[in-house]
Amino acid sequence: MTTIAEEVLLLAYGEQDGKQLIGSTELDAAIGGALLGELAVTGRIDLADKKVVVRDATPLGDEELDAPLERMAAEAKARKPEWWVQRLQTGKVRKRLLTRLAERGVLDEERYRTLGIFPGTRYPERDPRVELEIRERVRNVLAGATPDERITVLIAVLHAAKIDRKAFPDASKERIKEIIEGGWAGKAVSDTIAAVNAAVMATVIAATVVTTTS
């Protein structure tokens with residue numbers, strides 16, 4: 001089973017050329033938001049006074065989720081979701097998740113050099129069935145099916161990082177808004193999803209401002 005962060009990555013890379021559809025800063029913010037969202041829907045974290053609190057520090061058995069959960073449990077001061085998204089949005093996490101997908105046979109990992117000098121890595125799909133299943137779940141919800149908590153987090157994160165425009169260009173903006181704000185999950189999880197969506201969006205906007213003014 002894929003994590004929400006892995007699903008974000010699969011939708012954020014071109015199936016054939018294996019290149020990112022959005023910038024690294026935006027993508028890393030989406031991954032950070034996906035990690036927070038997954039911890040929320042698995043009952044590990046919650047919001048209290050608009051800040052993240054750990055409700056259950058029991059490991060999930062996935063090191064990319066357990067490591068931030070441990071950090072949150074050890075943090076002496078309660079922090080806002082935006083603070084955590086900024087701490088979790090690193091290229092190292094993205095690279096580890098991509099490598100993990102390659103090791104499972106979902107992606108290929110192809111190294112290349114631009115102009116024969118600058119190294120890079122592409123991640124074209126090896127097994128398209130995984131992304132196709134994710135796309136089917138998302139499309140069903142976009143078409144009117146009732147979303148569960150996980151798919152709500154996924155769509156919220158995709159929207160906040162503007163990946164939805166690339167991955168699902170024909171999706172109704174009104175339907176996406178309805179999904180994100182619809183309260184399909186319980187109140188506690190819904191509040192956390194809304195906070196994660198806002199945190200990712202704020203991080204993306206901040207990155208865009210820095211890029212355009214530098």
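**Group meeting: a helix, some rings and a pocket**

Helices here are DSSP runs of H or I with at least four residues, strands are runs of E with at least two, and both are numbered from the N terminus.

A word on the source. This is a predicted model, where local features need pLDDT of at least 70, side-chain atom pairs count only at pLDDT 80 or more, and totals for chains, interfaces and linings use all residues. Residues are numbered from 1 along each chain as its sequence is written, and side-chain values use heavy atoms, with hydrogens and water left out.

Back to H2. How far apart are its end C-alpha atoms? They are 25 Å apart. The expected span is 1.5 Å times one less than the number of residues. Next, burial. Buried means under 20% relative accessible area, exposed means over 50%, and partly exposed is in between, with a 1.4 Å probe and protein chains only. In H2, 16 of the 18 residues are buried, so the helix is largely enclosed by the rest of the structure.

Now the rings. Rings of Phe, Tyr and Trp (its six-membered ring) pair if their centres lie within 6.5 Å; planes under 30 degrees apart are stacked, over 60 edge-to-face, the rest tilted. That rule gives two aromatic pairs. Take Tyr13 and Tyr123: their centres are 5.9 Å apart and their planes at 85°, so this pair is edge-to-face. Tyr13 is in the loop between helix H1 and H2, and Tyr123 is in the loop between strand E4 and helix H6, 110 residues apart. Both Tyr13 and Tyr123 are buried. Then Trp83 and Trp84: centres 4.9 Å apart, planes at 90°, so edge-to-face. Trp83 is partly exposed, at 21% relative accessible area. Trp84 is buried, at 3%.

Last, the largest pocket. Its volume is about 270 Å³, meaning the space filled by probe spheres set on the grid points, which are joined across faces, edges and corners. A pocket is an open set of points on a 1 Å grid over the protein atoms alone, where a 1.4 Å probe fits, with protein on both sides within 12 Å along at least five of seven lines; lining residues have an atom within 4 Å of a point. Which residues are closest to its centre? Of the 13 lining residues, they are His159, Lys162, Asp164, Arg165 and Lys173. Helix H10 gives the largest share of the lining, three residues.
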